[in-house]
Amino acid sequence: METSSKRANRPAESPGFPPCEAESSDSCLGRERIDFPVAVVLPAGGSGERMGLPIPKQFCTFLDRPLISYTIQAFERVPWIENIIVVVAAEHLDLLKSIIHKHCHKKTKLVAGGPTRHRSIFNGLQVFVENGCDSQLPRPEVVIIHDAVRPFVEEEFLLKIATAAKQNGAAGAIRPLVSTVIATTPESYLDHSLDRARYRASEMPQGFLFDTIYQAYQQCSDYDFEYGTECLHLVLQYSGINAKLIEGPSSLWKVTYKRDLFAAESIIKENLSQKACVITGVHEEAIHLGHCLEKILVAGGMKVDIISTSCGDDGSFAKNVSESYNLIHITVSTACFPEIKHTVETVRKTDLPVLGPVVLIVVHLNLSECTSFSKRMDELVTIRGFAKEAKQWNILVYGLLLNYTKDKQKWNEALESFSCVAGTLIKDRKAALTGQLFVV
């Protein structure tokens, strides 16, 4: 079993779930309502044959982060979940250890899986049982079982599952059937169809009283271990517990095919791009530019906060940084490097749930028409070197040079181009463009 390393200032690693604030009202509500220990078991031993890829789907990467890391992070950001047990095939233990280390998953432990899904889950449960493993963890009252390739589970729904499991012994997510289920004859003719309104698709997560699910596994037959897939059925069969079924959101879908990876990446990018924080400083033209940018981005559906300075003592800067994955830092001074460094250091120190890379766009508003183009570029080139350093903390730094003009029409055109470039950088989050300087 592997224990995660201590979290660094800013892990190099995402929501892509809807951003989850560390001290949000929902989290506080969860801590108040969950007064019993909860743990999670994530079976991650699948081969991903339907993907048609050389590695299992849980290790496929997008936005510089493997799929399984997004799923782990969805549980790690929930304050009332104490431990996350990831059960993985023995041949992938080293790979998953490196993922946990790189992305600083602090609640996560690894366990070698078995040849089937049920045997892997049972291995995960034994971590909490005396003499079940070399390093026993405190036994939870409720354990949540979830698929490693369902990254979009939210705290609100986990709260419902955990609470229902505590009250009923078992609880599971369900979804309406999309297609009608039919039975065929041996000759491949239609035999009969099921009334879709009477049936539901069983989904994850599922929650159980720990003793209930563990005792059910202890009674399983070899056939159950080899061919069974439904944990709720095992609890019904061996413990007589009829699970409470809760209809879950559409976001519980499972990454199964290669196209699902593109869909997952698109969802994460969309969620990360919903909000931006604009840092203007105190210069009048920079503040005016910030408000102009705000109007354009808000019209495009983005929420925008404006901060007048990054060096104030009111804590507003750190607070806004901790709630946004997109920062636009406007400066009119060519000696802006200390301010930029301060911004990056603040990002590193926040408890922002790491669902994807943070974008920092450094905007130099050039007010002097007398300064040569080459000189202006030279003054900003220092950002390139710093961008390489920031990239290792998963902060993507881009430079943008905007030339001010008193011609109203040209200025409005420049604003539109500037907003388009900034919006594209935020939405695409291209790591390859880190350190590039864009001129508007």
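The chain contains 15 helices and 18 strands; helices (H or I, at least four residues) and strands (E, at least two) are DSSP runs, numbered from the N terminus. The model is a predicted one, in which local features need pLDDT of at least 70 and side-chain atom pairs count only at pLDDT 80 or more, while totals for chains, interfaces and linings use all residues. Residues are numbered from 1 along each chain as its sequence is written, and side-chain values use heavy atoms, with hydrogens and water left out.

Of the 440 residues of the chain, 51% count as buried. Buried here means under 20% relative accessible area, exposed means over 50%, and partly exposed lies in between (1.4 Å probe, protein chains only). The accessible surface of the chain amounts to about 20,400 Å², and carbon and sulfur atoms account for 49% of it. Such areas come from the Shrake-Rupley method with a 1.4 Å probe; for residues, only the protein chains shown count as cover.

Among the strands, six form an open sheet with parallel pairing, in the order β14-β13-β15-β16-β17-β18. Its edge strands, β14 (303-307) and β18 (437-439), each pair on one side only. From one strand to the next, the twist averages 20°; the axes are lines fitted to C-alpha atoms, for helices over the stretch in contact, and angles run from 0 to 180 degrees between N-to-C directions. Two strands pair if DSSP finds at least two bridges between them. Strand β17 (residues 395-403) is joined to β18 by three bridges, and the two run parallel. Within this pairing, G399 stands opposite L437 of β18.

An antiparallel pairing occurs elsewhere: three bridges join β9 (residues 182-184) to β10. Here H192 in β10 is the bridge partner of A183. The hairpin of β9 and β10 has five residues between the strands, and in this hairpin S188 takes a positive phi near 70°. L194 lies in the loop between β10 (190-193) and β11 (200-209). With a relative accessibility of 31%, L194 counts as partly exposed. Together with V181 and Y199, L194 makes a nonpolar surface patch of about 210 Å². Patches are made of residues with over 30% relative accessible area and no salt bridge, like charges being joined within 9 Å and nonpolar side chains (Val, Leu, Ile, Met, Phe, Trp, Tyr) within 5 Å; a salt bridge is a side-chain nitrogen of Lys or Arg within 4 Å of a carboxyl oxygen of Asp or Glu.

The structure also holds ten aromatic pairs. In the pair of F122 and Y217, the ring centres are 5.6 Å apart and the planes lie at 15°, so the pair is stacked. This pair links distant parts of the chain, 95 residues apart: F122 belongs to helix α4 (residues 117-125) and Y217 to helix α6 (residues 210-218). Both terms follow set limits: rings of Phe, Tyr and Trp (its six-membered ring) pair if their centres lie within 6.5 Å, and planes under 30 degrees apart count as stacked, over 60 as edge-to-face and the rest as tilted. F122 is buried at 15% relative accessibility, and Y217 is buried at 1%. The rings of F210 and Y214 are likewise stacked, because their centres are 5.7 Å apart and their planes lie at 10°. F210 and Y214 both belong to helix α6, four residues or about one turn of the helix apart. F210 is buried at 1% relative accessibility, and Y214 is buried at 10%.
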